[in-house]
Amino acid sequence: MMHLITGGSASGKSAYAEQQLLELPSPVRYYVATMQPWGEEGRQRVARHRAMRADKQFHTIECYSQLEQLVLPEDNGVLLLECMSNLAANEQFEVGGSDAQICDRIGQGIRHLQKQTKHIIIVTNEVFSDGCRYDADTERYIRLLGQINVRLAELADQVTEVVYGLPIQLK
Amino acid sequence: MILIIGGRCQGKAAYARRLAEEKGYRILDGQQEAWQPDTKAQVLLNVQEWIRQAVYDGGDLQKLEESLFFDMPELVTLDEVGYGIVPLEKKEREYREAVGHLGQRLAAEADTVLRMVCGIPTSIKP
C-alpha cells in the first residue's frame with residue numbers, strides 16, 4: 001500500500017501523515033526524514049518536528065538523498081517519508097543528473113522502500129500555484145517536483161490533499 | 001466547454017491532450033505558439049502564456065479575451081496563479097489579476113471545471 005499526502009506549507013499534512021502511520025498495525029514504524037538541518041532555523045524546525053513525534057515511538061532514519069541505497073533494519077514494517085520536496089531538492093542540487101534521471105532515481109528509491117515495507121506514506125508539497133516566475137534552478141525544481149508528484153500519484157493507492165488539517169481524498 | 005485548472009506542472013496539458021486526441025480536436029498551446037486570433041482550435045492549452053505575452057508586450061488583453069470567447073473552445077487549460085504573495089512588480093500583478101479574472105469568466109461559461117492536483121482531476125463544477 002502506498003499513500004501520497006500533499007498540501008501547502010503549514011497545512012497540517014505532517015500531523016495527518018503521522019496520525020495515519022500510528023493507525024497502521026505494525027511492531028515497527030519508520031520515519032524517514034529527508035531535510036538537512038541547515039543553520040539555526042533548520043535546527044529549530046527539526047527540533048519542533050522531533051518534539052511532535054517524541055511520544056509516538058517512531059524509528060527515525062535520516063536519509064537526505066539516494067533512497068535506493070537505504071536498507072531498513074527490519075522488513076515488513078510501515079514507513080512515513082517526510083518530505084518529498086526536500087528529497088527532490090537534495091537530489092537536484094547535490095546528487096544531480098537530468099530531470100528524467102532524478103525522477104527515475106526517486107521512483108527506484110520508493111520501489112526499493114516498498115519492497116521492504118508493507119505500507120508506505122509519502123508527504124509532498126504544493127508549491128505550484130503562486131503565479132511567480134523564478135531563476136532557472138528554481139523553475140527546474142518546480143517542474144521536477146510536479147513531475148514527481150504526478151508519477152507518485154499514479155503509483156499510489158491513496159492520494160490525499162490536506163487543507164488546514166482537513167483531508168480531501170483525491171484518490 | 002471543459003475548463004481544467006490547477007497549479008503548474010500538475011499534468012493538465014497531458015490530460016487535455018489525451019481527451020483531445022480521442023475526439024480529434026485541433027490544439028493550440030500557449031507554451032509553444034503565439035496567440036493567433038484566426039485559428040480555429042477547439043483546444044487551448046496554457047492560456048496564461050498568451051496573457052503573459054499580452055501583458056509584457058503591451059498587447060490588447062480585452063481583444064485577446066474577446067477572440068478567446070468568439071468561437072467557444074471545447075477544452076481549455078489555465079494555471080491557477082493566485083496562491084502567493086502579491087508580486088512587487090506591476091506587470092506581474094497585472095498578469096496575476098488578468099489570469100484570475102479570465103479564470104472566473106471561463107469557469108462561469110464552462111459546463112465542467114476540473115481541478116488538477118498531482119495529475120488527479122477533481123470536478124468542482126457542476
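Student: Which residues in H2(B) meet H4(B)?
Tutor: Keep in mind that this is a predicted model. From H2(B) you have B:Val47, B:Gln48, B:Ile51, B:Arg52, B:Val55 and B:Tyr56, and they meet B:Lys91, B:Glu92, B:Glu94, B:Tyr95, B:Ala98, B:Val99 and B:Leu102 in H4(B).

Student: And by class, how many nonpolar, polar and charged residues is that?
Tutor: The contact of H2(B) with H4(B) has eight nonpolar residues, four charged and one polar.

Student: OK, at what angle do H2 and H4 of chain B pack?
Tutor: About 140 degrees, and their axes are 9 Å apart. H2 covers residues 47-57 and H4 covers residues 90-109.

Student: Why call H2(B) and H4(B) oblique?
Tutor: Roughly antiparallel needs an angle over 145 degrees. The angle here is about 140 degrees, so H2(B) and H4(B) count as oblique to each other.

Student: Is the crossing of H2(B) and H4(B) left-handed or right-handed?
Tutor: The crossing of those two helices is right-handed.

Student: Switching topic: how many residues does the contact take from chain B and chain A?
Tutor: Chain B gives 21 residues and chain A gives 21 residues. The area buried between them is about 1700 Å², with 56% of that from carbon and sulfur atoms.

Student: Which three residues supply 39% of the area that chain B buries?
Tutor: B:Arg8, B:Cys118 and B:Ile120, and that is more than any other three residues supply against chain A.

Student: What does the B:Arg8 side chain meet in a salt bridge?
Tutor: The side chain of A:Glu139, at 2.3 Å, N to O. Across the interface of chain B and chain A there are three salt bridges.

Methods:
Residues are numbered from 1 along each chain as its sequence is written. Chains are lettered from A and ligands numbered from 1 in the order in which they are written. This is a predicted model: local features need pLDDT of at least 70, side-chain atom pairs count only at pLDDT 80 or more; totals for chains, interfaces and linings use all residues. Side-chain values use heavy atoms; hydrogens and water are left out. Axes are lines fitted to C-alpha atoms, for helices over the stretch in contact, and angles run from 0 to 180 degrees between N-to-C directions. Helices (H or I, at least four residues) and strands (E, at least two) are DSSP runs, numbered from the N terminus. Angles under 35 degrees count as roughly parallel, over 145 as roughly antiparallel, 65 to 115 as roughly perpendicular and the rest as oblique. A crossing is left-handed if the near helix is turned anticlockwise from the far one by less than a right angle, and right-handed if clockwise. Contact means heavy atoms within 4.5 Å. Ala, Val, Leu, Ile, Met, Phe, Trp, Tyr, Cys and Pro count as nonpolar, Asp, Glu, Lys and Arg as charged, and the others, Gly among them, as polar. Buried area is the accessible area (1.4 Å probe) that two parts lose on being put together, summed over both. A salt bridge is a side-chain nitrogen of Lys or Arg within 4 Å of a carboxyl oxygen of Asp or Glu.
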